[in-house]
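Hi everyone, thanks for making the time this morning. Let me put the model up, and then I'll walk you through a few parts of it.

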Amino acid sequence: RRSGGALPEGLGNRGRLLELNRLLDDMRDESAEALMPERSGRQLAYVVLTSGSTGEPKAAAAEHRGLANLVRWYAASATGADDRTLVLSAPSFDLTQKNVFVPLIKGAQVHFPTWHLADHRATVRAIADARITIVNCTPTAFYPLVEMSRGDDFASLQSLRHVVLGGEPIVAARLVSWLQSPACAATVVNGYGPSECSDTASSHVFDRAAFTENTRVPIGEPVSDTTLTVLDEHLQLVPENVEGELCIGGLAVGRGYLHGPRATALRFRPDPYSSQPGARVYCTGDRFRRRGTGELEFIGRADRQIKLRGFRIELGEIENVLEGHPAVTRAVVSPHVAGHDDVRLVAYVVPSGGTVPSPRDLRAHAARSVPEFMVPSAYVTVTALPLTRSGKVDYGRLPAPSNDHWARDAEAVAPSSVTEERLAAIWSSLLGATGLGVNDDFFISGGHSLLAVQMASRVGESFGIELPLHVVFERSTIAALAEYVDAVLIQTDARLDAGGLAVEESRW
């Protein structure tokens, strides 16, 4: 503030008034000697931890030049001074840097949630109330917002004009209804890039007019001063339509892994196609092929790493934990598609002796060592793992899990009330399971946060109530949830009796 005066109305005693003219007068008396060493784009900007295949996470170190290049590119392509960005990622997630730095650089607003990010209904309300214009998050975090706003014909998302989705492959069927609706006026972008390369290395703008539920969303073109090449194991270019490993070069490439020289040397290799001395490429481990059109098509991972609901997971890390169980001699973990793009982790274990560990025992063992999103949903005991002719595990021949393989109650207690029966039917539909007991836990039986959102919505519609998402997590058995629903219905009926027929008609 250049001149004196009172604080803006409404701030009260919460702010402090700074007068720049007085500060400048004081600064003239200070020494002109530099207080900090000369800065360089090669200095460390931040470190992000990623899952490690040996159980120890790797610390990806990004440099200032990569961060600055990303922020400069993103600021030029997305944000204006009148934008309002809602931060839908944790502070430790590297994509948060764009959500915070870029709007502030452009003079725009940044909104931080005061609610739990799993409460998607609250997120949708916040987008509508604050007229949010920019959201940058994983597809997994955005799908529930589309589902929550479908009831009002997506009017809740009408203010969005720039949506960036990244961190995992996009399931077109989860977005097509919103993209084709009159309420959608947003530019939607698929962003691709690993933490090792300042988070984003390429982007693709959706063609909404041609978007269908079967659309395969490409990763698009590299961001500024970044290269994308598909190379073989000798770092030689592969021909069109031939599978190879995607390697990222240019300013986006980070320093490597903090205190991990061996892992750094494996992934960060000399760039054979750069004229810059010391230039390197980051070998992503992602398998791609370049089509004749120039489009890069994702094939899959070269290693046992997957992305599940926005989390990068090393399957070998979970397998190492399970093989630490005294009754397990070998374990393999594989993703299993239980329904429409509903992917769950399934563990296949070979017992070490006559004692066969139960699914509940194995789940409890895994939960003590890995976070919840890495704990398998089902546990299948096999006498031996199926092998290919070359002696490797044949994942295509692993059996699908059945009802007996979920870590549920040993003795299922049947529903004893109408409320419990209706809840059991909803759970069975979502989980693809039968014979659920009232003491079975939703999350132990194969549920996860995304299914919890759908469950809260279906229960609310079935009983004519609003079921807060946190209740699903707090009352995760049929018996406990039925008790809550019955209590809400009793309170609602009491209000209806007091309010008369008009209120009752509005409820149903």
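Let's start with what covers the buried residues of α3: the list includes β1 (44–50), α2 (64–77), β3 (84–86), β4 (109–111) and β5 (134–137). Cover here is counted by contact, meaning heavy atoms within 4.5 Å, and buried means under 20% relative accessible area, with exposed over 50% and partly exposed in between, using a 1.4 Å probe and protein chains only. Helices (H or I, at least four residues) and strands (E, at least two) are DSSP runs, numbered from the N terminus.

Two notes on the source. This is a predicted model, where local features need pLDDT of at least 70 and side-chain atom pairs count only at pLDDT 80 or more, while totals for chains, interfaces and linings use all residues. Residues are numbered from 1 along each chain as its sequence is written, and side-chain values use heavy atoms, with hydrogens and water left out.

Back to α3, residues 96–105: seven of its 10 residues are buried, so the helix is largely enclosed by the rest of the structure. Those buried residues are T96, Q97, K98, N99, V100, V102 and P103. Just after the helix, G107 has a positive phi of about 80 degrees.

How about the whole chain? There are 14 helices and 20 strands, and 46% of the 508 residues are buried. Take contacts between residues at least 6 apart in sequence, and 61% of them join residues at least 24 apart.

Now the cysteines. How many disulfides does the rule give, taking a disulfide as a pair of cysteine sulfur atoms within 2.5 Å? The count is zero. For C247, the closest cysteine sulfur is in C283, 3.6 Å away, and that is too far for a bond. C247 is buried, at 1% relative accessibility, and C137 is also buried, with a relative accessible area of 1%.

Last stop, the second largest pocket, with a volume of about 370 Å³. A pocket is an open set of points on a 1 Å grid over the protein atoms alone, where a 1.4 Å probe fits, with protein on both sides within 12 Å along at least five of seven lines; lining residues have an atom within 4 Å of a point. The volume is the space filled by probe spheres set on the points, which are joined across faces, edges and corners. Of its 14 lining residues, E147, M148, G151, S457 and E461 are the closest to the centre. Helix α11 gives the most to this lining, with five residues.

Notes:
A disulfide is a pair of cysteine sulfur atoms within 2.5 Å.
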